Amino acid sequence: MTGEQQTPRATDVASTKLPDTWAHTPLTVVMPTYNEAGNLPGMVELLMGLDQPGLRLLVVDDSSPDGTGKIADELAEGHLTADGKPRMSVLHRTAKDGLGRAYAAGMAKAVEDGAQYVLQMDADGSHPAGKIAEMLGVALSTDAGLVVGSRYVPGGTLSEAWGAHRKLLSRWANAYASTILGTRVRDITGGFNLWSAEALKAIDLASVGSAGYSFQVEMKFKALRRGFQVMEVPIHFEDRTVGESKMNFAVQLESIAMPWKLRARAGKR
């Protein structure tokens, strides 16, 4: 493994058709949900329809008032392998205490259950499921510990629904965190990430302090500090069409403060 970040030659893996042995690689998609009843059925159908027999889905529901957890349980009953084993499962949490903690719980569960790779994916349709095979192919062919679905490498694009102000703010947030932490990851705030189980074990998910969206920054920084190679694959990031964003003022404050905290801790070491 190497700590160098290779900005993206990942486009060399253009086909979404994986060799059979790679397609059977145990990969778990971890998808946190909170009030995503309108989005989840379509996302499940999309993921379960991919030509990747090794893919499993773990929904992490934080007791959604709209019944998302119950819908997830019902959907899981309908998706089994040929020998009757579940392709989809649900982790029910009793309280909503942040996207980062939901991801950490789901990722830890996925590794414990034998996943060789774990993919973070939102339930709102913003992340392109069609890129999963390419990201896995990049990880397997380069031995990268992390493959980022990146909006900000050549070929990456943002939804036309995003206004100029929102696009500028997103780019500023990436530049802000990357500059403070001294990384060359173009999309350090992005949430569409494929991790090797080895990288997740080395990071130690229990040690991650971020509750909200700054989880994305903290995880990437820790992977780099532990010497894992990071690759970036260009994606198109779509805007959600159903439901509301979970971003609030407290989450924004955490995102502003976290890079400085990580830098301070790294300096002490």
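1. Helices (H or I, at least four residues) and strands (E, at least two) are here DSSP runs, numbered from the N terminus. The model is a predicted one. On that basis, the protein has nine helices and ten strands. Of its 269 residues, 51% are buried. Among contacts between residues at least 6 apart in sequence, 81% join residues at least 24 apart.

2. P19 sits in the loop that runs between β1 (5–6) and α1 (20–23). Its relative accessibility is 42%, so P19 counts as partly exposed, the class between under 20% (buried) and over 50% (exposed). P19 is 118 residues from G137 in sequence, yet the two C-alpha atoms are 9.0 Å apart in space.

3. The largest nonpolar core holds 35 residues, and M121 and I132 have the most contacts inside it. Two or more residues of this core come from each of β2 (27–33), α2 (40–48), β3 (55–61), α3 (68–77), β4 (88–92), β5 (117–120), α5 (132–142) and β9 (230–234). Helix α5 supplies the largest share, six residues. Apart from this core lies another, of 32 residues, including V60, V111, V118 and F221. As background, nonpolar side chains in soluble globular proteins tend to be buried together.

4. What does I132 touch, leaving aside residues up to four places away in sequence? The list is L27, V29, L47, L50, Q52, L55, L119, M121 and F192. M121, one of these neighbours, is also named with I132 for the most contacts inside the largest core.

5. Strands β2 and β3 pair in the parallel sense, over seven bridges. Strand β3 is mostly covered, with six of its seven residues buried.

6. How do helices α4 and α8 meet? Their axes, for α4 (residues 99–112) and α8 (residues 215–225), come within 9 Å and cross at roughly 50°. On the α4 side the contact involves L99, G100, Y103, A104 and M107; on the α8 side, F215, Q216 and M219. By type, the residues of this contact divide into six nonpolar, two polar and no charged.

Definitions and conventions. Residues are numbered from 1 along each chain as its sequence is written. This is a predicted model: local features need pLDDT of at least 70, side-chain atom pairs count only at pLDDT 80 or more; totals for chains, interfaces and linings use all residues. Side-chain values use heavy atoms; hydrogens and water are left out. Buried means under 20% relative accessible area, exposed over 50%, partly exposed in between (1.4 Å probe, protein chains only). A nonpolar core is a set of buried Ala, Val, Leu, Ile, Met, Phe, Trp, Tyr and Cys residues joined through side-chain atoms within 4.5 Å. Contact means heavy atoms within 4.5 Å. Axes are lines fitted to C-alpha atoms, for helices over the stretch in contact, and angles run from 0 to 180 degrees between N-to-C directions. Ala, Val, Leu, Ile, Met, Phe, Trp, Tyr, Cys and Pro count as nonpolar, Asp, Glu, Lys and Arg as charged, and the others, Gly among them, as polar. Two strands pair if DSSP finds at least two bridges between them.
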